[in-house]
Amino acid sequence: MPLTAPALASAPPTAFAEWRDYFALLKPRVMTLVVFTAFCAMLVAPGHLHPFLAFTAILCIAVAAGAAGALNQWYEADIDALMKRTAKRPLPAGRMAPADALAFAVVLGAGAVTIMGLALNWVAAAWLTVSILFYVLVYTVWLKRRTPQNIVIGGAAGAFPVVVGWAAVTGDTPMLAWAMFAIIFLWTPPHFWALALFMEADYAKAGVPMLPVTHGPAHTRRQILAYTALLLPVSVAPALLGWTGTLYGVAAALLGGWFLVLAVRVARNTATLAAGMAPEKALFRFSLLYLALIFAALVIDRLLA
Amino acid sequence: MSLDWTPAERAAFEARRRQRNGALGLLLFALVALFYGITLVRMTPGMKAAPAVAAK
């Protein structure tokens with residue numbers, strides 16, 4: 001039984017959630033990132049898609065991401081109850097019965113995949129299925145509580161929407177789609193580990209093996225630097241290989257260069273308390289801007305080509 | 001369902017149920033509109049989706 005006793009005990013038999021609780025179950029903030037990256041991939045992909053079908057594809061991707069988020073919350077209600085950041089979610093707070101959350105997530109996920117297949121194409125639907133299953137089974141169930149590299153695996157789950165978005169337009173997944181996947185994949189560890197460094201106490205309390213908890217801040221900072229250093233050549237590669245124009249290449253080099261400078265500052269920091277982690281906070285903030293700008297550069301580069 | 005609710009608890013429960021049913025109604029209407037739109041677009045000559053579909 002995956003749902004542990006504390007979560008079940010916290011849900012009263014009369015739990016009857018409001019629509020806002022169902023909406024919160026979809027992790028709307030994560031959906032924003034997913035929608036943005038998938039939309040960028042759809043703009044970069046060659047070919048024309050009717051605006052209504054493009055809207056449908058984005059809707060399916062967003063709903064599938066929401067379903068995966070809901071399944072994640074259903075499975076993790078026990079550890080969510082232990083962290084300040086997540087304790088007020090509908091399941092740990094006891095506002096929703098676990099069975100209701102599970103049914104809601106399954107119906108949404110299956111619905112999104114079916115509509116993607118019927119309205120767009122089955123290649124996109126297949127990748128959408130993979131993205132949900134990967135996030136739920138590989139990340140949430142299998143690896144999150146077992147390895148401090150959980151965020152790396154989670155990065156792959158968060159990167160699938162670009163592949164789905166591209167497939168929705170063209171029906172295939174060429175190398176540039178996978179390059180966009182690789183950018184999100186390598187961007188995720190520095191982004192989340194920077195956050196985990198100054199939120200360490202919260203994760204430790206829940207027993208989640210986040211890298212700062214298991215290996216300490218110094219090792220985490222070296223890992224942040226390593227992934228950021230890898231991100232720079234990978235993000236510039238599409239331009240060097242001629243898949244994109246120079247504009248994107250210059251933007252990727254500048255953004256990746258600054259990301260690396262911030263990661264070096266993080267690597268040099270020795271603070272152990274959140275109050276002394278200004279470099280980590282700066283890197284976390286910039287990482288959000290980085291992803292928005294590098295994908296925007298890719299879109300502009302394609303539109304100008 | 002608990003039978004020993006106070007009138008205030010029952011009223012709160014019924015208000016939540018009304019709200020949720022309203023949201024469900026809107027969702028079903030949106031789904032109908034979505035399928036209607038998809039059907040129109042897919043049935044209009046010259047409106048092709050991705051090659052994987054168009055090749056059929």
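Me: What makes α11(A) count as bent at P217(A)?
Reply: In this predicted model, the bend at a residue is the angle between axes fitted to the seven residues ending there and the seven starting there. For α11(A) at P217(A) that angle is about 100°. Helices here are DSSP runs of H or I with at least four residues, numbered from the N terminus.

Me: How do you know that the end C-alpha atoms of helix α11 of chain A fall short of a straight helix?
Reply: The expected span is 1.5 Å times one less than the number of residues. Helix α11 (residues 211–240) of chain A has 30 residues, and a straight helix would reach 44 Å, but its end C-alpha atoms are only 33 Å apart. Just after α11(A), G242(A) has a positive phi of about 80°.

Me: What makes a set of residues a nonpolar core, and which members touch the most others in the largest one?
Reply: Such a core consists of buried Ala, Val, Leu, Ile, Met, Phe, Trp, Tyr and Cys residues joined through C-beta atoms within 7 Å. The largest has 107 residues, of which A64(A), M116(A), A124(A) and L128(A) touch the most other members. Helix α9 (residues 175–198) of chain A gives the most to this core, with 16 residues.

Me: Why does this core lie between domain 1 and domain 2 of chain A?
Reply: Domain 1 (19–173) and domain 2 (175–305) both give residues to the core, so it lies between them. The domain bounds come from an automatic or database assignment.

Me: How many residues of each domain of chain A take part in the contact?
Reply: The C-alpha centres of domain 1 and domain 2 of chain A lie 22 Å apart. Their contact takes 26 residues from domain 1 and 24 residues from domain 2 of chain A, where contact requires C-beta atoms, placed from the backbone, within 7 Å. On the side of domain 1 that touches domain 2, α8(A) gives the most, with 11 residues.

Residues are numbered from 1 along each chain as its sequence is written, while chains are lettered from A and ligands numbered from 1 in written order. Local features need pLDDT of at least 70 and side-chain atom pairs count only at pLDDT 80 or more, whereas totals for chains, interfaces and linings use all residues.

Conventions. Helices (H or I, at least four residues) and strands (E, at least two) are DSSP runs, numbered from the N terminus. A residue is buried if 20 or more other C-beta atoms lie within 10 Å of its own, exposed if 12 or fewer, and partly exposed in between; C-beta atoms are placed from the backbone. Two residues are in contact if their C-beta atoms, placed from the backbone, lie within 7 Å.
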